[in-house]
Amino acid sequence: MAFIDMKKREIQSKLVYYGPGRGGKTTNVLHLFKTMSRQVCGKMVTIDTRGDRTLFFDFLPLSIGKIMNLNIRIQVYTVPGQVLYNDTRKLVLRGVDGVVFVADSLRIQQQQNIDSLINLEANLREEKLSIRTVPLVFQYNKIDLAETSIPTLTVEELQNDLNKNHQLPYFPASALKGFGVYETLREISKKMIKNITIKLKDGHLQGIAG
Ligand SMILES: Nc1nc2c(ncn2[C@@H]2O[C@H](COP(=O)(O)OP(=O)(O)OP(=O)(O)O)[C@@H](O)[C@H]2O)c(=O)[nH]1
Ligand SMILES: [Mg+2]
């Protein structure tokens, strides 16, 4: 849950990249880290990986602007997508303010995408949240593979599988090539800032001592 730190004059919020294992969450955050200026993003921290599999989480702090003279900081996290790490996913989701759901365009991952979204809904419910209440955007990653002989899902199929009932913003992307990564971040940041501004004006944002 976003909160104000009066001492530092900043608002802290949490964005989580969620989705099936090997979908490209870490690759998204790595692209941000490699291409953003150091004024906007801090150091990327990767806690526990094996090969390219996240076992705990990645973390990247971003400073993305100001509301009412307060700096807005977004702490970006990725969850481990592998089914067996659900306890870690729940831990990372705690206090979430926004979610990017990174789906994998690989056709063999069709069911894993659907299962991961069901898992997200269940874990949000435990936080008394839902896809309808938390800012969320979909990213359809690995779109570059559509130009190869590897079987992929079309954007229409991904929409039908994941977003039919939600009608949320969605972005075809290739985190590997850096395509669609910023568009995704821009949209989720916009939604998060809108939410934070409403809470701030209504006096519903928690403060910490300053
Ligand atoms: N072709 C292609 N490969 C990608 C893309 N994004 C990620 N990959 C590859 O997919 C593999 C998995 O990517 P990761 O970013 O580690 O996936 P993850 O979602 O963090 O996986 P977990 O940590 O296991 O949940 C890596 O080998 C990446 O290089 C993409 O847009 N296109
Ligand atoms: Mg990862």
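1. Start with the shell around ligand 1: its residues split into four nonpolar, 12 polar and six charged. Here Ala, Val, Leu, Ile, Met, Phe, Trp, Tyr, Cys and Pro count as nonpolar, Asp, Glu, Lys and Arg as charged, and the others, Gly among them, as polar. The shell holds 22 residues, and the closest are Gly-24, Thr-26, Thr-27, Thr-54 and Gly-81. To be near the ligand, a residue needs its C-beta atom, placed from the backbone, within 6 Å of it. H1 and strand E4 (53–67) are the elements that give two or more residues, with H1 supplying the largest share, three residues.

2. A word on provenance: this is a predicted model, where local features need pLDDT of at least 70, side-chain atom pairs count only at pLDDT 80 or more, and totals for chains, interfaces and linings use all residues. Residues are numbered from 1 along each chain as its sequence is written, while chains are lettered from A and ligands numbered from 1 in the order in which they are written.

3. On the overall fold, the protein chain has five helices and nine strands, in the order β-β-α-β-β-β-α-β-α-β-α-β-α-β along the sequence. These are DSSP runs numbered from the N terminus: helices are H or I with at least four residues, strands are E with at least two. The radius of gyration is 17 Å, close to the 17 Å from the globule rule for 210 residues, so the chain is as compact as a globular protein of that length. (That radius is taken over C-alpha atoms, and the rule is 2.2 Å times the number of residues to the power 0.38.) The C-alpha trace spans about 55 × 35 × 30 Å along its principal axes.

4. Now Pro-20, in the loop between strand E2 (10–18) and helix H1 (25–35). Pro-20 has 25 other C-beta atoms within 10 Å, so it is buried; the cut-offs are 20 or more for buried, 12 or fewer for exposed, and partly exposed in between, with C-beta atoms placed from the backbone. Pro-20 and Ser-116 sit 96 residues apart in sequence but 5.5 Å apart in space, C-alpha to C-alpha. Beyond four places in sequence, the contacts of Pro-20 are Gly-81, Asp-104, Gln-109, Gln-112, Asn-113 and Ser-116, a contact being C-beta atoms within 7 Å.

5. The largest nonpolar core has 45 residues, of which Val-16, Val-100, Phe-101 and Tyr-140 touch the most other members. Such a core is a set of buried Ala, Val, Leu, Ile, Met, Phe, Trp, Tyr and Cys residues joined through C-beta atoms within 7 Å. H5 gives the most to this core, six residues.

6. Just after H5, Gly-203 takes a positive phi of about 70°.

7. Two backbone angles to check. Arg-9, not a glycine, has a positive phi of about 50°; Arg-9 is partly exposed, with 13 C-beta neighbours inside 10 Å. Asn-69, in the loop between E4 and E5, has a positive phi near 65° and counts as exposed, with 6 C-beta neighbours inside 10 Å.

Notes:
Contact = placed C-beta atoms within 7 Å.
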